[in-house]
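Biologist: I would like to learn how to read a model like this one, feature by feature. Can we go through it together?

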Amino acid sequence: MPTKDEIFEKIQVALVDALGVEDDEVTPEATLVGDLGAESIDFLDIVFRLEKSFDIKIPRGELFPEDILTDSQYVHDGRVTEQGLAELRKRMPFANLDEFVQNPVVQDFGNLLTVADMCRFVESKVEVSG
Amino acid sequence: MRWYWIDRFLEFESGRSAKAIKNISLAEDHLHDHFTNYPMIPGSLVIEGLAQTGGLLICEHGHFEEKVILAKIPKARFHCDAVPGDTLTYTTNIEYVKDEGAMISGTSHKGDQLHAEVEIVFAHLNDPRQGALFDPHVFLRMMRLLGAFDVGHAADGGPLLPPPRLLKADDGDGREHTSAKD
């Protein structure tokens, strides 16, 4: 049963290996896209490394629900609708959406997810000690 | 110039691993242009050879129905040079296959000496507007030329056989249909 620190350390290793960044760049506040340079194909790689490292299964769209952002039911004129935001909150309880909600432009969504969000996501899938 | 960067499969274990060799020859033009007066195989072409070894493994696992493209190289480490006269042995293992793509890990050895290590991510293109990347007969020809069916094993341990989809492209006498693109 890993501690929160151990979860962070394993996520750090996964991101260093997947994104070619340095250890000290992977801080809890760092955004995956903006600060660490992740691109869409990297999420496939990251998800695999998390699955292997924590022995968990991460179904497609669970960490990064891109299906919401491409669904006309939830997006209007390039902005996520109220219904879409409600769906995002439901699907991403691990992410802090407060800032995004102020100006929910789809284009900015990719820069939302932080390393701390990813830690909370993994913590929700494994038993944490301490 | 033909885009074959492996010469022959030594092993092909469906859904698991593949091993292929690449013989390096002074007759290869590109060797003479990489570094003047020091012919050696460029690292990029070693990666391409490993991608072909592992990529065909991924394609075969999906019965050659997925559109598999090299999408990312998370890791590529080279430990020494490989020069004319060397034979490289490429070993690749499937790390995962998902709906969206797959990853292999691979090594290149010169005899017992580790030459290179890679990880390669392949994406599955799922845009229906995108036509086939290769005609089935191209895959069939590659797999036969490289000896995959001579050495390969299916997931159940039996001999590796061409999937029906590829055989449909065969004219029945061992030759493949050619298309206008050939």
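Biologist: Which strands form the open sheet of chain B, and in what order?

Modeller: Start with the definitions. Helices (H or I, at least four residues) and strands (E, at least two) are DSSP runs, numbered from the N terminus. Two strands pair if DSSP finds at least two bridges between them. In chain B, 7 strands line up as β3-β6-β5-β4-β2-β1-β7 in an open sheet with mixed pairing. The edges are β3 and β7 (152-153) of chain B; each has a single partner strand, so one side of each lacks a neighbour in the sheet.

Biologist: In what sense do β4(B) and β5(B) pair?

Modeller: Antiparallel, over 9 bridges. B:I94, for one, has B:I104 in β5(B) as its bridge partner.

Biologist: What ground rules apply to the model?

Modeller: It is predicted: local features need pLDDT of at least 70, side-chain atom pairs count only at pLDDT 80 or more, and totals for chains, interfaces and linings use all residues. Residues are numbered from 1 along each chain as its sequence is written, while chains are lettered from A and ligands numbered from 1 in the order in which they are written.

Biologist: What is the mean pLDDT of chain B?

Modeller: pLDDT is the predictor's confidence in each residue, from 0 to 100. For chain B the mean is 89, and 90% of residues reach 70 or more. Residues 176-182 of chain B fall below 50; this stretch has 10 contacts in the model beyond near neighbours in sequence. A contact means two C-beta atoms, placed from the backbone, within 7 Å. Where pLDDT is low, predicted coordinates should not be read in detail. For the complex, the predictor gives an ipTM of 0.82 and a pTM of 0.87.

Biologist: Which residues of chain B have a positive phi without being glycine?

Modeller: Most residues other than glycine have a negative phi. B:N37 has a positive phi of about 65 degrees, and B:F64 has one of about 60 degrees. B:N37 sits in the loop between α1 (31-34) and α2 (43-61) of chain B. B:F64 is in the loop between α2 and β3 (67-78) of chain B.

Biologist: Is B:F64 buried or exposed?

Modeller: Count other C-beta atoms, placed from the backbone, within 10 Å of the residue's own: 20 or more is buried, 12 or fewer exposed, and in between partly exposed. B:F64 is buried because its count is 21. B:N37 has 5 such neighbours, so B:N37 counts as exposed.

Biologist: What pattern does chain A follow along the sequence?

Modeller: The pattern is α-α-α-β-β-α-α-α-α, with 7 helices and 2 strands. The C-alpha trace of chain A spans about 40 × 30 × 25 Å along its principal axes. Of its 130 residues, 28% count as buried.
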